[in-house]
Amino acid sequence: MTETASAAAPIETECVIIGAGPCGLFAVFELGLLGLKCHIVDSLKHPGGQCAELYPDKPIYDIPALPVCGAQELVDRLLQQIQPFAAGFHLGEEVTEVRRRADGRFDVATSKGTRFDAGAVVIAAGLGSFQPRRLAVEGVDSVEGRQLHYRVARAEQYHGQDLVICGGGDSALDWALEFCGKARSVTLVHRRSEFRAQPASVARMHELAAAGRLRQLTGQVAALAISDGRLTSVTVNGPEGAVTDLACDHLFAFFGLHPKLGPIAEWGIELEKKALRVDTERYQTSVPGIFAIGDINTYPGKKKLILSGFHEAALAAFGVQAYVYPNKRQFLQYTTTSPIMQQRLGVAGEG
Ligand SMILES: Cc1cc2nc3c(=O)[nH]c(=O)nc-3n(C[C@H](O)[C@H](O)[C@H](O)COP(=O)(O)OP(=O)(O)OC[C@H]3O[C@@H](n4cnc5c(N)ncnc54)[C@H](O)[C@@H]3O)c2cc1C
């Protein structure tokens, strides 16, 4: 699904969608019905935005015609619905730059160096891009990226070393189990004795701890010992004044993700209380050719609901079409009766 970044040539496209939450995904559909091709970028490694990241297993009751639908199920259904339009997906990349050129097209760039030459931009960035919650202890800045990590890349580089893993969710447990037996030591530090991770992982971790193969500590990292710029140990403060010093080559903090408006605030678009102000005819921002839909936008009467974002996606698609092809006549067609839309959907002749 993910295309690789091309450092050389920018990808030319009619539209870039920033954010693969439910509204960004539905924008692929509405643009596709109008015959517009797009690429969609998300800083998360999976599509679905808040639905997938914050509440995948919860039921949603206010999607029209679906009396109840799991949040991840909604994402899966949207992915199925947009399949005919073969949008380019770029996951695990944050859009860092959007610049309107003199010719009215847009230069868009991501944190991984992917570049686009886009006819229009739809921002469906929700509450912003999800960032890791950071460890708040003195000295973290000097070791971040070298010995303090918020994600694991190339796991084998940590084998044979003393590892301290903080957190109580799936990432913390999965990596503690993965490194057990491969690292010199693994200590899992969590502020509570209950864990949010999958019960099977928690049970396995307790088994390994009982067998002395990994250590589990209740408490929080309170201090880092850094000598000559190198992290050597961490101090964990536990319940009832317990203090434990742990030898540490690498410290991993998996405290979950939180959304941050991030680079969007620097693209010269008019903001109102951290949201992008749009009109309600096309959902266009203060910059012509940049549209904003879903939780990221604001207008009189705005309600942050998936339903509202779907409506906004439909009107923004017409806005994109008018912006990219100003001389093209626009008219409303029904999917039930339009041969061209049915052709685009790949269902021509099935009706
Ligand atoms: C617990 C909970 C329950 C909810 N229940 C309901 C409900 O029952 N009904 C309902 O209608 N709504 C519900 N909502 C709200 C609903 O989830 C949001 O309205 C919806 O997710 C908004 O969709 P979106 O596509 O606008 O944004 P999001 O779902 O927030 O997705 C935005 C995406 O954009 C990405 N992004 C942001 N900035 C960048 C960038 N610079 N580069 C790349 N990617 C970026 C983010 O990583 C994210 O994946 C609920 C929300 C929560 C938290």
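Is the crossing of helix 1 and helix 7 left-handed or right-handed? The crossing of these two helices is right-handed, where the near helix is turned clockwise from the far one by less than a right angle, anticlockwise being left-handed.

Before going further, a word on the model. This is a predicted model, in which local features need pLDDT of at least 70 and side-chain atom pairs count only at pLDDT 80 or more, while totals for chains, interfaces and linings use all residues. Residues are numbered from 1 along each chain as its sequence is written, and side-chain values use heavy atoms, with hydrogens and water left out. Helices (H or I, at least four residues) and strands (E, at least two) are DSSP runs, numbered from the N terminus.

**Helix pairs**

Axes are lines fitted to C-alpha atoms, for helices over the stretch in contact, and angles run from 0 to 180 degrees between N-to-C directions.

| Pair | Axes come within | Crossing angle |
|---|---|---|
| Helix 1 and helix 3 | 9 Å | roughly 20° |
| Helix 1 and helix 7 | 8 Å | roughly 40° |
| Helix 5 and helix 6 | 10 Å | roughly 40° |

Let us start with helix 1 (residues 22-33) and helix 3 (residues 71-82), whose axes cross at roughly 20°. That angle makes helix 1 roughly parallel to helix 3; angles under 35 degrees count as roughly parallel, over 145 as roughly antiparallel, 65 to 115 as roughly perpendicular and the rest as oblique. The two pass in a left-handed crossing. Helix 1 brings Pro22, Leu25, Phe26, Val28 and Phe29 to the contact, and helix 3 brings Val75, Leu78, Leu79, Gln81 and Ile82; contact means heavy atoms within 4.5 Å. This contact has nine nonpolar, one polar and no charged residues. In these classes, Ala, Val, Leu, Ile, Met, Phe, Trp, Tyr, Cys and Pro are nonpolar, Asp, Glu, Lys and Arg are charged, and the others, Gly among them, are polar.

Pro22, Cys23, Phe26, Ala27, Glu30 and Leu31 of helix 1 meet residues of helix 7 including Phe310, Ala313 and Val320.

Leu173, Asp174 and Leu177 in helix 5 meet Ser201, Val202, Arg204, Met205 and Leu208 in helix 6.

**Pockets**

Now for the open spaces. On a 1 Å grid over the protein atoms alone, a pocket is an open set of points where a 1.4 Å probe fits, with protein on both sides within 12 Å along at least five of seven lines, and lining residues have an atom within 4 Å of a point. Grid points are joined across faces, edges and corners, and a volume is the space filled by probe spheres set on the points.

The largest pocket has a volume of about 1,600 Å³. Its lining has 42 residues, with Leu44, Glu53, Ser171, Gly256 and Leu257 nearest its centre. Helix 5 (170-179) is among the elements that give two or more residues to this lining.

The second largest pocket has a volume of about 470 Å³. Helix 1 and helix 7 are among the elements that each supply at least two residues of its lining.
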